[in-house]
Amino acid sequence: MTDAAGGVVAVAGGGGAEKKKGDPEMKGWLLKWTNYIKGYQRRWFVLSKGVLSYYRNRTEINHTCRGTISLHGALIHTVDSCTFVISNGGTQTFHIKAATEVERQSWVTALELAKAKAIRDIESEEEEAEETAQVVPSQEINTVVRDLTERLENMRTCYDLITKHGAALQRALNDLESNEEESLASRTKIVNERATLFRITSNAMINAGNDYLQSAESQGHKWSKMLHHEREQRQRLEEIIEQMAKQQSQMEQAAVLVRQNKPVPPMVSSSTTMSLNAGGGGASQLTSDDEVEFFDAQDHAYGTSPPDGTFILKLNKRRSSSEDQVEGQTGSSSESDEQKRTIKTIQQVCLVSAPRVASGGHADEHDDDVDRAVQPSEPLTEPLPSDRKQVKQRRTRIPDKPNYPLSLWSIMKNCIGKDLSKIPMPVNFNEPLSMLQRLVEDYEYADILDIAANCGDPCEQLAYVAAFTVSSYATTTNRTGKPFNPLLGETFECDRTDDLGWRCLAEQVSHHPPIAALHCESSKWVCWQEFSMTSKFRGKYVQINPLGGASVTFPLSGNRYTWRKVTTTVNNIIVGKLWVDQHGEMEIEGTNAAQGIKCILNYIPYSYFSREVQRSVKGVVMNGNNEVKWVVRGTWDSKIEIAPVLQTSGSPESRTYTTGEYKVAWRRRPAPPESDKYYNFTQLACQLNEEEEGVAPTDSRRRPDQRMMEEGAWDASNKEKLRLEEKQRTVRRQREREAEQAAADGRPYPAYEPMWFKREKEMGTENFVHVYKNTYWEAKSAQDWSNCPDIY
C-alpha cells in the first residue's frame, strides 16, 4: 500500500540493504493520543527491527525521534475497530488509532510478527551467550586453532602447487615462442595441459581460501563477543574491588578511631528523603528533595510511647556531618549520645570476622529479639486461635534442605548486567515455591485488613492498610532463595476461608513480559495485584524493581486503596552471607469513596553508620487537604506502630505534630522452631505447597520439578526443570509459526488469553490490567478443568 491523505500505511516487506529478508516493517500515518487537551495527533510511525518509533513528520526521521517502544516484552491490545494500545509493562504506553479497521489489523499483525521475531532474536543471542559461557576455554581454543591450522596447511599446499604449475606453464609458453623443429600443434597441446593444471590448482586455492575465511568469520564473531564480555566483566570486577577496598579502608579508619576513643564521623549517608514542602494554596506537597526527621517529645525506648506524646516532624535540607545534629527539639539526643551510639555500632562491626553481619547488618540474635518482642497480651496478629474450626490438619514444616554446595558466583559471574529472569539458574539457588505462591504469602497478616474494614475513619483505615503493605516484607530478611519462575498458564489457589477467612487465586497471564495476576477475597475486603518486575545483576548485588500495582477494596464503605511495591536489593552476591534490603518510597492512594487521602511510606536504605534504626519505615497519612492525620513508624522486619495527630504547630519547614498514644498495627510472628533448616519458611509458607486434591491441573502444587526439589531430589529436579522450559519454548514457537501463517493468509491470529483473568481498561486510567473473571471456584466445584492447558 502507499501513502494517502487519509493516512493509509505504506508497507515494506523487507527492502533496504541493511534489512534481512522477511523482516517485518511498516511505515505510515497514524493518530497517537497525546493528552486530554490536544487529544489524538497525527504522527508518522515507523516499525523496524523490533522497535516502533514515531515522528511529527517524515522530515524528522533522520534527526528527531519523538518516542520509541521496544516490542520485545510489549503487550499489544486491540481496543475497538480502529484503536489499539502498545505497552511495555507500565513505563511506556502508546494509544494509537488507525483510519480503518483493515489498517488497524495490518498494523497489529505486523507488530505481533515483529514482536515474535524480536523475542526469537534475543533468545538466540542468549542461547549463544549461554553456550559461549559454558564451554571450557582451553578446549574451545584448541579446537579452533586445530581447524584453522588444517585449513591453512591446505592453502599452503595449494600455493606450492600453483607455484609449480605456474612455472611449468611459463616454460611451455616460452617454448611456444621458440623456433624449434617440434610442431606447433604439439607445443600448443602442452601449453593447454599446463594451463589446465594451473586452473585446477588455482580453483583449489580459491576454495581453500574461502573455507579458511568462512571458518575464521564464524569463529571470529563468537570470539569477538567473548572478548567484549570479558572486558565488561573485568571492568565491573575492577569497580567492585575498588569499592570493596574503599569500604575496607573506611572500616580500618573507623576501628582506629574507636581504639583511640575518638568520635567516628558518619561514612554512609542514609538520609530519609521524604518531606513536606509548601505547595500551591498553602497545601503541603510531598517531594524527595528534603529530609524528614521523627522525634518523640519524651525520651523513651523505641517501641514504647508516652500516653500522650508529642510527635515532631522536622524538615531540613541535607546538611554536612558537622551540622547533622538536632537543635532545639525536646527529647532529642545530644552530640555525645550520638557519638556513643556510633562508636557502639563500630565496635559491634569490628568484633566480627568480616565487615558484614547476618541478614544485612543485624546481629545474629535478631530473631531472638523478635521472639522476645511478641507480647501475648497484644491482640493484633497473634498466632491463629486454636478454637477456630480446622477443616484440614495441615503440615507445620517441610523436609530439611539438603546440603548441595554450589557457588552462586560461579553461575552469575557470566551474567553481569543481564535481566535476572533470563539467567539460567539451577534449582540449587531456588526455594521449593513458585513466584505465585510467594505472592500469596503477602496475605499472611491479612487479619490487619479485617481490622481496617471495621474502621469508620478513612485515614485510620489507610494507616492499617499501610501496616499491611509493610508486613509483606517481613520474611525477606532471611529468605534469600529464588522462587521458581511460573510457566505461562500456571495457577495457584489458596483456599483458607475456614481457618484464615480468605481465599486467593494467582495465574501467570503473560510470558513476554512475565506478568502474574492475583485475586484475594474475604467477607470484608477484596484484594487484587498484578506483578511484574525488572531485575539486573550488578556484580555485587541484584536489584529487583517491581512493576504493576496492587489494591484493596472495602465493600462496606466503598473505600479503595492502590499502591506499588518498593525496590528490593539482594547484597553480597560475590562473597559473604546474602542479605536483603528494601528501600524507596511507597505512595498509597485512596480512590472511590476515599478519593484524595494518601499515605507516604519511606523505606530507609540500610547503612552501618546511619542514625536511624535499621530497616526503618516512616510515613504519614494525609487527608484530602494534605493535612497529616496519622503517623506511621516502625521496621519492616519487626512491627509497625500508628498514632493519630491531635495538633499541628510550627512553620511549614519544621512542623510539630502532637500525637495520641501509639498502638501496634502489626507485629511479626516468631519464626517456627528450626526453620533455618527448611529455607526459613514460616508456617504459612510450609503449607502453600502441601499436596491437595481437587486443584487445577495447572496448579503450582502439581509442578514436578518444584515437588522434586522439596523432596530433596535436586538432580532430578534440574533435569525436569529443563524439560518443562523446553516444552514451554516449543509451544511458543508453534504459536509463532501459526501467527506467521495467519499473517501470510491475511487473517487475524488470536493472542494468548489467560484462563481465569481477562485484560480490561483500569478504572480512571488509560492502562490495561488483568482482572479476575469470577469463574475459577465454580469450575473447581464442578471439577471442570477441560479448558486448562497442558503445561506440565
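Visitor: Is Y36 buried or exposed?

Guide: Buried means under 20% relative accessible area, exposed over 50%, and partly exposed in between, with a 1.4 Å probe and protein chains only. Y36 has 67% relative accessibility, so Y36 counts as exposed. W33, at 22%, counts as partly exposed. A caution on the source: this is a predicted model, where local features need pLDDT of at least 70, side-chain atom pairs count only at pLDDT 80 or more, and totals for chains, interfaces and linings use all residues. Residues are numbered from 1 along each chain as its sequence is written, and side-chain values use heavy atoms, with hydrogens and water left out.

Visitor: How many aromatic pairs are there?

Guide: Rings of Phe, Tyr and Trp (its six-membered ring) pair if their centres lie within 6.5 Å; planes under 30 degrees apart are stacked, over 60 edge-to-face, the rest tilted. That rule gives 18 aromatic pairs. W33 and Y36 make an edge-to-face one, with 5.4 Å centre to centre and 80° between the planes. For Y776 and W785, the centres are 5.5 Å apart and the planes at 40°, so that pair is tilted. Both Y776 and W785 are buried. Ring pairs also join Y443, F468, W502 and W525 into a cluster.

Visitor: Which ring does the charged end of R42 sit over?

Guide: Look for NZ of Lys or CZ of Arg within 6 Å of the ring centre and within 35 degrees of the ring normal. R42 has its charged end over the ring of W29, 4.0 Å from the centre. Likewise, K97 lies over the face of Y40, 4.5 Å from the ring centre.
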